[in-house]
Amino acid sequence: MIEAIVLDWAGTTVDYGSRAPIIAFKNAFAHFSIDLSEATIRQDIGLDKMTHVRKLLQEPEISGSWEANHPTIPLTHAAEKIYAQFQLEINKVLVATADLKPGVTDLVRFANSHHIQLATTTGYTQAMLDQILPLAAEQGYNPAYNITSEQTNHVGRPKSDMVDLAMKKMEISDPTHVIKVGDTVNDVLEGKNAGVISIGVAEGGNLIGLSQQAFDQLTVEERARYRIKAAAILKEAGADEIINNLTDLIPLIESLDDQQHKVPLLLTPGPLTTSQTVKETMLVDHGTWDDDYKALTQWVRHELVAIGNASEEDYTAVLMQGSGSFGVEAAIGTAVPKKDATLLIAANGAYGDRMIEIAEYLAIPHVVLQVPEDQVITLAAVEEVLAAHPEITHFAVVHCETTTGILNPIETIIPALATKGIITLVDAMSSFGGIPIDLEQLHVDYLITSSNKCMQGVPGFSIVLAKKHTLLKTKENARSLALDLYAQYQTFEKSEGKWRFTSPTHVVYAFAEALRELDQEGGVSVRTHRYQTNETLLREGMQDLGYKLVIDESVQSPIITSFKFPTTDFDFRAFYDYLKDRRFIIYPGKVSKCDSFRIGNIGEVSAEDIHHLLDLIKTYTKETLQLPVGN
Ligand SMILES: *Cc1c(COP(=O)(O)O)cnc(C)c1O
């Protein structure tokens, strides 16, 4: 949703062709017998004016001319003198060039009817702007916030400070909801630096530099040539879009709003919302035998071990085609020997139950520790089963049980079992990358995750982080050809990153991009903090609306949160559809003992998204469910 437009003044909304500063600069320098060409002046237009004067004086020809004409006045004083003269000159022309450019009033009308705020930034001083403001207001253009660099400690373009201040005044925090429009390279850079959508205006701007009359007199071809040239320069500076005039901004905003509306936001625990850049990585095809691809696979494996805080001497990452369950099945089916082994599975949700099913399918002797879904698995409970079953050699547990969002305390259970010589497997599918996990400290033998959960890639492969020492002893254990973890590992090692069978190339490229983005975000701890912020906002916001939690806060993970149905006749489908129509995709509940639904906090999801969701749920709860929602 576009919430605000930040507009430049001269050349963008007033002063067609950005004539005023040009005339004033020319006259100010002429006052000191220095002749400046328009082209020279236009090079740095958009800067604040004092900086601009100084920059012009750095050109050898201009400084030489000053020294020749004013041998008694040192160059260090020249800038102040010329700037003082510039102020006199600009005052003479500002009023004459304050006519609104075509399209401004249409844009104002559109903005008002769409609750879009208007602000401005400028290279003019406050004194200059004060002359234009009343004239613009008379013509129907009266933006709420007008920023000059005097309000930002004289930090002007191309820095983002003026746009940042405008956003602060408008109380907008998400720069992707803001458009900056201007006609100069410095305008475009200001927008880019602020992270907003930066749009360049070609017609009537500084880069064409002609008055409206002069431009209108050109032939169609000449006008097109001017536009294309200006557009190319603005594009080169990094403009996200180029428009000819401000009227063109209206359909552009409508299409941006459409795009932002239509793209669903998955508040689900995988697949989840990935970044645009991760998605775009998949637009190229790659061969599996290719050396670059093999090197990329090796890099991915290397990074995964590093994210687990482990050394490659002790641990390795084995990638396995398929969804997360393929990795769990490969790990269980390969880890447990065919003879003299028994697996203990501790389960407090659907994913624990899935491991039991796997053991049944593979005919692996197993013992089950069943714990209620709203309670964590404790070391004491595990030790009790171990004492009763000395035949147990292997142990499997889920870290974050995505069924409820409950977090099992693997950091107390796993090291204790490792000391007893038990081989451990942890399904950390929905936690690895989203919660810090230290493989070396855990002494875990196998930890399983997937490309499409907290690592924020797309679905396509699972990941088994295995203790090398343990994995190397599993030759010929596998009950399946395709899911033989040992054979997969050997192939990666022997052929330096070649997968055993056809691999999901696009997914691997997307995953590599996701890894880079995890690093850019600041690593796992920063990501955990973002997820935790989302979770806290969601949980507290929902409780304020009267919704009840399925599990206790003390055992709640930052990953996904479960809520009980607010009434016995609650229609989840209708609730789901209401949110889906407004682009939010949530998840049905999975707990057996009560009716519930779940909302994920992971993926490319911000606090702002959670606020929007809560607003929608508030409206639905109040108006459709007719329930009290507090204040
Ligand atoms: C997502 C998930 C899995 C794997 O499910 P798939 O549908 O096979 O990707 C396994 N365990 C947990 C805890 C999960 O969250």
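Predicted model: local features only at pLDDT ≥ 70, side-chain atom pairs only at ≥ 80, totals over all residues.

User: How many residues of strand β14 are buried?

Analyst: Strands (E, at least two residues) and helices (H or I, at least four) are DSSP runs, numbered from the N terminus. Buried means under 20% relative accessible area, exposed over 50%, and partly exposed in between (1.4 Å probe, protein chains only). Strand β14 covers residues 423-427 and is largely enclosed by the rest of the structure, because its buried residues number 4 of the 5.

User: Which residue of β14 is the bridge partner of His394?

Analyst: Two strands pair if DSSP finds at least two bridges between them. Strand β11 (residues 394-398) pairs with β14 in the parallel sense, over 5 bridges. Within β14, the partner of His394 is Ile423.

User: Which residue of β15 is the bridge partner of Val426?

Analyst: Strand β15 (residues 446-450) runs parallel to β14, and 3 bridges join the two. The β15 partner of Val426 is Leu447.

User: How many salt bridges does a search of the whole structure find?

Analyst: Side chains of opposite charge can pair when their charged atoms come close. A salt bridge here is a side-chain nitrogen of Lys or Arg within 4 Å of a carboxyl oxygen of Asp or Glu. The search of the whole structure gives a total of 23.

User: How many residues apart in sequence are the parts tied together by Arg19 and Glu38?

Analyst: The side chains of Arg19 and Glu38 form a salt bridge, with N to O at 3.4 Å. Arg19 belongs to helix α1 (residues 19-31) and Glu38 to helix α2 (residues 38-42), so the pair ties together parts whose separation in sequence is 19 residues.

User: Is Arg539 buried or exposed?

Analyst: Arg539 forms a salt bridge with Glu553, their closest N and O atoms being 3.6 Å apart. This pair links distant parts of the chain, 14 residues apart: Arg539 is in helix α23 (524-544), and Glu553 is in the loop between α23 and β17 (560-564). Glu553 is partly exposed, at 45% relative accessible area. Arg539, at 9% relative accessibility, counts as buried.

How values were computed:
Residues numbered from 1 in each chain as written. Heavy atoms only, no water.
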